[in-house]
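Hello,

Here is the structure for you to look over. My notes follow below it.

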Amino acid sequence: MKIGTFVALALGTLLFATTGLVLAAAITGGSGTPGRYAHAPAVVVTAGDLAEPGHVNFPGGVPDRTFYAQLKGGPTEQIGRPWSAATFSGHRLTAGRAPANDNEIVVPDGSAGRRVTVLTAAGSRLYTVSGVTVPVGFESAVFFSDAEAARLSPRVDAVILTEPPHSVPAGLKVLTGDDRALADPHARRDAAALVGLTTIMGMATAVAAFVSVFVVASTFAFSVTQRRRELALLRLAGATPSQVTSTVLREAARMGVVSSAAGCALALLAAPALARLLAAAGAAPTWFTVPPSLASLLVLLVAFGAGVALAAVGSGAAAVRAGRVRPIEALRDAEVDQRAMTPFRWLGGMAALAAAAGALVLTFALPGPYGAELARYTGPALIVALALLSPLTIRPLTRVLVPGGLLVRANTLASVRRAAAVTAPVLLTVGLMSSLWGTAEAANAAGSRAARHEYGSATSVVLPAGTPGLNREVTDKLAGLDALTVASTTIYAVPEAGILYGPSPEPIPFDARAVNRADLLDLPVLSGRPADLDDSSIVVDETLGRDVGDKVRVLLADGRPVTLRVVAVTELGVAGGGALVTTRHAGSSLPTAAYVRGDLPADLLHDLPVTVLPLSQWSAASDAYRAGQVRLALLVVGGVAVLYTGVAIANTLVMSTRRRSRELALLRAAGATPGQVLRMVAAEAALVVTVGALLAGIVTLVTSGGLWMALNRVAEGTPWSFPVAPFLAATAACLLVALLSAVLPAAAGARSLPRPGE
C-alpha cells in the first residue's frame, strides 16, 4: 500500500512538473540559432511585438526587404529579397551571376538562363534566372535587384550593419548575437506557435494539477482505509488517537518528500521528450526544447513543494479518521464499511455540487458567448461533486445493475469505499475526456455555423491554390462581381494612460479582418452600419467598449498609427472578438479567400493559382480543419490526464486485490474453482467501471447540454450531440485496465487454499 501511494504521488508530481516545464519553456520562448542574419554583426528592426515587420528608417547599412515572391510551382513559404542582403544570410552562388537589371533574379534551385514566372502580391511576371544559390534550411528566397525589390516592396524591414550603432531612435532596436534569430522569417510564425502552445500547455498544467490533487487525495484515503486493522492494533497496544494521527502524517510527509523528488527527477527526462513530440506534431517550432533555466528550476521547486503539500493535505483527513479507529476493529475477521460518507465528503461534495449548479445557472443568465465560456467549468466541478458523493450512488446503482443473491453484489455493497476508490478515477477519466471533447466539438460547430451565417449570401468561395493568398491579379478580376475578399490581420488598440493601464500603456492586440466590402457580410450588429466602412473607419465588437462615432487610435500590423472612426459595433461571437478594417489596412497580408455572390464565369480565373468551391463544400473543409486542430489540443490536454488516471485505476485495484488474498483463498476452500474466483473479481471490476462511466455520462450530459443551450443563443440551430466515440473509448480503456489490474493479482490467490490456522 505504501508502494501504491508512492506511485500515485510520484506520477502526480511527474505530470505536473512535466507540463509545467514545457509551459515555462513556451512562455520564456526562444528563437533558435540565427539564420537569415547569421553573418551580420548587427541588425536594426522595429521595436515592439508586432504581427509583421515595421518600416525601418535608419541611415547607413544595407536595407533588407522581405516580401511575397514565389516561383510558379514553388513552395508557398517562398519569399523575395534584395540581392545586396544575400551574403549576410550565407547565400552563395553555385551557378551564374548576381542580377544585373530589374528583369533578372537569383533562385534557390534549377539552372541559370531560363525564363520563369514569379508570383507576387501584384500578380505574375516573367524573369530571367541569372544565378542559382546554395539551398539553406531557414528560408527559400528569390533574390531581385535592389531597385526591383524596392519597387515590389517599398517598406524596409531591416537594416544590416557592419557594427552595432552607438544609439538608435525610439521605436527601433538593435539585434546582435543569438537575438538576430528574432529577425528570421520563421520568428513571428514561431512566436505565434509558442502562444498557441502556451495556451495548450496552460490547460494541460491546470488539468494535471486538478487530476493530481484528485487522485492523490483519493489514494491516500483508500490507503488508510486498507490499514484499518493495522491501525486498530496500534490502538489496542495503547496508542492514543493523536499518536496514530501523527504517525500517519509523518509517514505521508516522508513519502511526499521521496516521491516528489522522484517525480521531479523523472520530469527532467519526460519534459524534453514531450517537447520533441509537440514539435514533431507541428504544435511547436521545430527547434523547441526544454533547456535548463531559472524558470525550469522554479517549476521543479514548485512541483516538489506542491507534491509534499499534497501528501500532507491529502493524508490530513485520512489521518484524522485513522486516529478514530477503534481497537475492537483489530479483532474483526470481516472488513465491512460501516460509514463510507465522511464529513469531509459531505462538505466537499455539496460545495462542489453547489459550484456546478451555480456555473450552470450563470450559463443561462449571462450573454451567450460568456455563458458558453462558463459552461466549460461545470464539468470539473460536477466531477468533483459526484466523486465525493459517489458512495451515495454506488449502493443504489449496484442494486439496479446486479441481481440479488450474487456474490459480486454482496461484495460491492460491503466494500463501498473500495468501490468508490476505483469509481473516482474512472469518473475522472471518462468524464473529463468526454466533457472536454463534447464542449470543444460543440463550440467548433457553433463557430462553423456562425461563419456560414456571416458568409451565407455567397454561392462560391475562391481559395488560393499552392500560394499563401490571393494576389492582385485575382482580386482585380473579381472586382466587377459581388465578391468579398477577406485577409486576416492584427490591429493594436492603444489604451489611454491612467490608473488602469499605467503611464505608458502597451498596445493591446486584436484579431481583425481586412475586407473590401463589409456590406456583403451578415454580422450580429448592435448599433451602426457595417456597410459604412471605409478607409477612415472601423467596425469593432462590444469588448472594445466603444460606441458608434467614437475615434479609436490603433496601430496596424506593421506598427503604423492610424485614427479610425467607429461606424458599427457588433456582438461578441462564439469564435471570439474581432474588428473589421478595409483592405488598405491589411498590411502585407494577402486575402485568404474571396466569397462570391451570384454566378462566377467559368473562364474568369482561368490559369490563375486558385481553387473555386461551392460554399457548402468550403464549409465542410473548414469544419474538418478546425476539428483537427481541436482534437490535437485535446489529445495533449486530455491524454496526459487519461494516462495518469489509468495508472491510478490500476494502482487502486492492485492494492485492494492483494489485500483480499485471504478472502479469495477462503472462497477456494469453500469450493469455488479458480475460474469462478477470477470471474467474480472481474465482474466486480467491471461493475465499478460501469458505475463510474454512468456518473461520467451524467457529467457529459449536463455539461454539453448547458453549453448547447448557451451556444444556441448566439448561433441558433447549433446541433447537440453526445461525444459517443470518446466516451466509449475512454470507458473501454478504463475497463481493460481495471480487468487486468484486478484479475492478474487475484490469480495467485485464486489458485491457493488457506493455510491451517488462517
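Helix α16 (residues 674-712) contributes three residues to the nonpolar patch, the most of any element. Helices here are DSSP runs of H or I with at least four residues, strands are E runs of at least two, and both are numbered from the N terminus.

The model is predicted, so local features need pLDDT of at least 70 and side-chain atom pairs 80 or more, while totals for chains, interfaces and linings use all residues. Residues are numbered from 1 along each chain as its sequence is written, and side-chain values use heavy atoms, without hydrogens and water.

The patch consists of Phe364, Leu701, Trp708, Met709 and Trp720. Together they have about 470 Å² of accessible area (Shrake-Rupley, 1.4 Å probe, only the protein chains shown as cover). Patch residues have over 30% relative accessible area and no salt bridge, with nonpolar side chains joined within 5 Å. A salt bridge puts a Lys or Arg side-chain nitrogen within 4 Å of an Asp or Glu carboxyl oxygen. Trp708 sits in α16. Its relative accessibility is 32%, so Trp708 is partly exposed (buried is under 20%, exposed over 50%, partly exposed in between).

Helix α12 (residues 416-454) has 39 residues and spans 54 Å between its first and last C-alpha. The expected value is 57 Å (1.5 Å times one less than the number of residues). In α12, 32 of the 39 residues are buried.

Four strands make an open antiparallel sheet, ordered β2-β10-β1-β11. Its edges are β2 (62-64) and β11 (172-175). Pairing takes at least two DSSP bridges; β2 and β10 (residues 158-161) have three. Pro63 is bridged to Val159 in β10.

Best regards

Note on methods:
Patches are made of residues with over 30% relative accessible area and no salt bridge: like charges are joined within 9 Å, nonpolar side chains (Val, Leu, Ile, Met, Phe, Trp, Tyr) within 5 Å. Buried means under 20% relative accessible area, exposed over 50%, partly exposed in between (1.4 Å probe, protein chains only).
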